[in-house]
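Here are some notes for a first look at this entry. Please read them with the structure open.

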Amino acid sequence: MSPLIRQALLIAGLLGAVVFLFTGAGPAIPFAAWDLVDIASEGGTALLAALWCGLVLASRPDGVVTRLLAGGLACIMLGSWADCLDEVFDVEKSALWDNVLEALLPLGMLVLTAGMVYWRREQATLSDHMRKRERLFRNHRPFDRITQLADAAYLRAQLHIESKRTDGVGSLVLFDIDAFHRINRKHGQPEGDRALQAVAHMLLLNLRNDDLLCRYAGDRFAVLMPGLAEPEARAAADHLCRMVSSMRHHAPGGRVHITLRHGCAPARGAPDALLATLCRQMDRQMDPA
């Protein structure tokens, strides 16, 4: 059964359960006494909220934003549906369960509002990520096939430009994924490629707009940080390592905990000599296992 059908059945089941509850709580009101305008507006609100709830669940990945949006719409759906059925069935106004169902409408609006606030933050993060991606695609050639980042050749060209600047400071940070060979060995190369993509995305999300992220080689990434002296660059690198280690990256065999180590140096001198120095730093930190 597809997720869309399963969600539609769940929503229909909730609406049907409320109808069943009302049919057992009181007699039906004669058709002549129905307020058709109220029934149409409240019932229409319930059905539209049900449709929107299904669309949210079908089109978004699971997460806090999705749960808040869908939960708020579900509450609005049930509260409006209860208001609609109050026009069809004669239920005592003192019935606690009826009052609780009707109270779901304002509660749902509060939950939906909270979801929209988180959704706005999510969109701002995604927009920032897309702006950085757009800058890479617009200016940086050639690309690494797996991560879609600029490659080592472009990095060397930018380091050559940076080394000629006399009006500021800059640093180069080299990152290496700890025990990356174990990921490939245990989960296979496709999962290793997914891990590289996940690390690239997390690094990119947490960089400044002026920073340049490249895939240097294998499981090594390089970040050129214009305007940052070495101590500031090391602090920024520590933050990036913490962000990557906090990722919840999953492979078919379970969660893959990814950590990074890094080396840092001022972005001065010949690019090849600078990169060789940083590679030696990384090799000294490497786990021999």
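1. Accessible areas here come from the Shrake-Rupley method with a 1.4 Å probe. On that basis the protein chain exposes about 15,600 Å², and carbon and sulfur atoms supply 62% of this area. The model is predicted.

2. The protein chain holds 9 helices and 6 strands. Its radius of gyration is 28 Å, well over the 19 Å that the globule rule gives for 289 residues, so the chain is more spread out than a compact globule. Along the principal axes, the C-alpha trace spans about 90 × 45 × 30 Å.

3. What share of the 289 residues counts as buried? The figure is 43%, where buried means under 20% relative accessible area. As for contacts between residues at least 6 apart in sequence, 72% of them join residues at least 24 apart.

4. On charge, the protein chain has 31 positive and 31 negative charges.

5. Helix α3 covers residues 64-86. Its 23 residues should span 33 Å at 1.5 Å a residue, and the end C-alpha atoms are 33 Å apart, which agrees. This helix is mostly covered, with 19 of its 23 residues buried.

6. Val65 belongs to α3. Is Val65 buried or exposed? Its relative accessible area is 8%, and the cut-off for buried is under 20%, so Val65 counts as buried. Beyond its neighbours within four places in sequence, Val65 is in contact with Arg60, Gly115, Tyr118, Trp119 and Glu122. Gly43 is 22 residues from Val65 along the chain, and their C-alpha atoms are separated by 26 Å.

7. Helix α4 runs over residues 96-139, and Asp98 is found in it. With a relative accessible area of 2%, Asp98 is buried. Which residues does Asp98 contact, once neighbours within four places in sequence are left aside? They are Phe22, Asp86 and Val91.

8. Helix α7 takes in residues 189-205. At 1.5 Å a residue, its 17 residues should span 24 Å; the distance between its end C-alpha atoms is 24 Å, which agrees. The buried residues of α7 include Glu191 and Asp193, and also among them are Leu196, Val199, Met202 and Leu203. An α-helix has 3.6 residues a turn, so residues three or four places apart point the same way.

Notes: Residues numbered from 1 in each chain as written. Predicted model: local features only at pLDDT ≥ 70, side-chain atom pairs only at ≥ 80, totals over all residues. Heavy atoms only, no water. Helix = DSSP H or I, 4+ residues; strand = E, 2+ residues; numbered from the N terminus. Rg over C-alpha atoms; globule rule 2.2 N^0.38 Å. Buried < 20%, exposed > 50% of the residue type's maximum accessible area, 1.4 Å probe, protein only. Contact = heavy atoms within 4.5 Å. Lys, Arg positive; Asp, Glu negative; His and termini not counted. Charge placed at Lys NZ, Arg CZ, Asp CG, Glu CD. Expected span 1.5 Å × (residues − 1).
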